[in-house]
Amino acid sequence: MMAPMPERIFSVSEITSLIKESLESGFPAVSVEGEISNFRPAASGHLYFSLKDKDALIQAVMFRGKAMGLRFQIADGALVRIRGSLSVYPARGNYQIICDSMEQSGEGALLAMLEERKQRLASEGLFDAERKRPLPGFPERVVIITSPTGAAIRDILNILRRRNSSLNVLVLPALVQGAEAPAQLIQMLRIANQHRLGQVIILTRGGGSLEDLLAFSDEELVREIAASEIPVISAVGHEIDWALSDFAADLRAPTPSAAAELVSAERAQTLLEVRALKDLLERETRRRVQEIKGLLRQFSAEELEYKFRNIYQPILMRFDDAKEELFAALGASVQELRHRAQRALASIEASSPLSILSRGYSIVSLGGKTLRDSHEIEPGKLVDIRFHSGRAAARIQETEHEEV
């Protein structure tokens, strides 16, 4: 009987080398699709990350030379398809994929498309905060655009019924998933605005995958939301979900239930707040009235009259002084005018021809013309002589001329 062969003892390096050789020769080129996680870019330019699906995870590395050729940003959660080879890292004893190329796949490509659309629509101002309008404080009519059979509408109606049963709710049915959903959602938005069916619109659906929510990121739907004359609440999916409708709407609600709470003030709570404000107003009014009464008690009728006299009597005295000064000034002016008139009258009277005649002078005229020079008359002419009192006619017998 032959003796058994002695068992070979491998060192760690030897067994690792054998595994490395076997793995790398068996998988020289592979294509793998998965979700990026634990992304760690190094200062050297190399990219380290994990590639995973729901059941497994594998380490991956993309060296700087290959990473420089990437045409998109890598981030955790992105779905990618990589090509490369399997390798073993002896220092740690684990295997990894050495990536030669990488491209977006499935949801990753969808995210890139949505990001590009988001940036383009944002550049047009459709998402600007300045164009968003506040919701009415206590709306009476609410329009809900959603699937009439989904969980979202049930949650919303339950909350509205509990918080404010008097609220008028109109449900406009529409598909919320699939190729035909955007057109139906747009149609319902237009109907709500055209007929002014409510004071606020809730555009909503329950949670789902990125593909499930894609209808709410439709470009035409986003533009219709931005153009709505009625304020719009976008309540798509759960808190971690998002759609471009969230950015165009006047308000984003993290869930359909949250949207219902936003439009329905709880009646009991509102009544309590109103009563509290009423009590506060009454207390403040009473306090202010008592304060005013206390101030009024400090003044009796006599004291008020005395204070009033102290105010208006000096004014009356100044008025009387001003009146006396005015009368005095007017009197002086009248006296001065009277003196000036008398002086003018005396001057006029002194210059009167009658006044001159009274001093013994007379006026000689010929044919109505007053004579001032002997050259103006010849002997034999009949002249008229005017005295201070009376007149006479005379005939000139002789004239004598004097040179002046």
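Let's start inside. The largest nonpolar core holds 30 residues, and Ile145, Ile201, Leu203, Phe216 and Ile225 touch the most other members. A nonpolar core here is a set of buried Ala, Val, Leu, Ile, Met, Phe, Trp, Tyr and Cys residues joined through side-chain atoms within 4.5 Å. Buried means under 20% relative accessible area, exposed over 50%, and partly exposed in between, with a 1.4 Å probe and protein chains only.

Which elements build this core? At least two residues each come from strand 6 (141–146), helix 5 (181–194), strand 8 (200–205), helix 6 (219–227), strand 9 (232–236) and helix 7 (244–248). Helix 5 gives the largest share, 6 residues. Helices (H or I, at least four residues) and strands (E, at least two) are DSSP runs, numbered from the N terminus.

A word on the model. It is predicted, so local features need pLDDT of at least 70 and side-chain atom pairs count only at pLDDT 80 or more, while totals for chains, interfaces and linings use all residues. Residues are numbered from 1 along each chain as its sequence is written, and side-chain values use heavy atoms, with hydrogens and water left out.

Now zoom in on one residue. What does Ile201 touch? Leaving out residues up to four places away in sequence, Ile201 touches Val143, Ile145, Leu189, Ala192, Asn193, Ser228, Ile230, Pro231, Val232 and Ile233. Contact means heavy atoms within 4.5 Å. Apart from this core lies another, of 20 residues, among them Leu47, Phe49, Ile82 and Val88. In soluble globular proteins, nonpolar side chains tend to be buried together.

Next, pockets. A pocket is an open set of points on a 1 Å grid over the protein atoms alone, where a 1.4 Å probe fits, with protein on both sides within 12 Å along at least five of seven lines; lining residues have an atom within 4 Å of a point. Strand 3 (57–62) and strand 5 (94–104) supply at least two residues each. Strand 3 gives the most, with 3.

The second largest pocket has a volume of about 160 Å³. Among its lining residues are Val32, Glu33, Leu51, Asp53 and Tyr95. Strand 1 (30–41), strand 2 (47–52) and strand 3 each supply at least two residues. Strand 1 gives the most here, with 3 residues.

Four strands form an open sheet in the order 12-11-13-14, paired antiparallel. Two strands pair if DSSP finds at least two bridges between them.

Strand 11 (residues 363–366) joins strand 13 (residues 382–386) through 3 bridges. There, Ser365 stands opposite Asp384. Strand 11 also joins strand 12 (residues 369–370), by 2 bridges. Leu366 has Lys369 as its bridge partner. This hairpin has 2 residues between the strands, and Gly367 takes a positive phi near 60 degrees.

Technical notes: Points joined across faces, edges and corners; volume = space filled by probe spheres on them.
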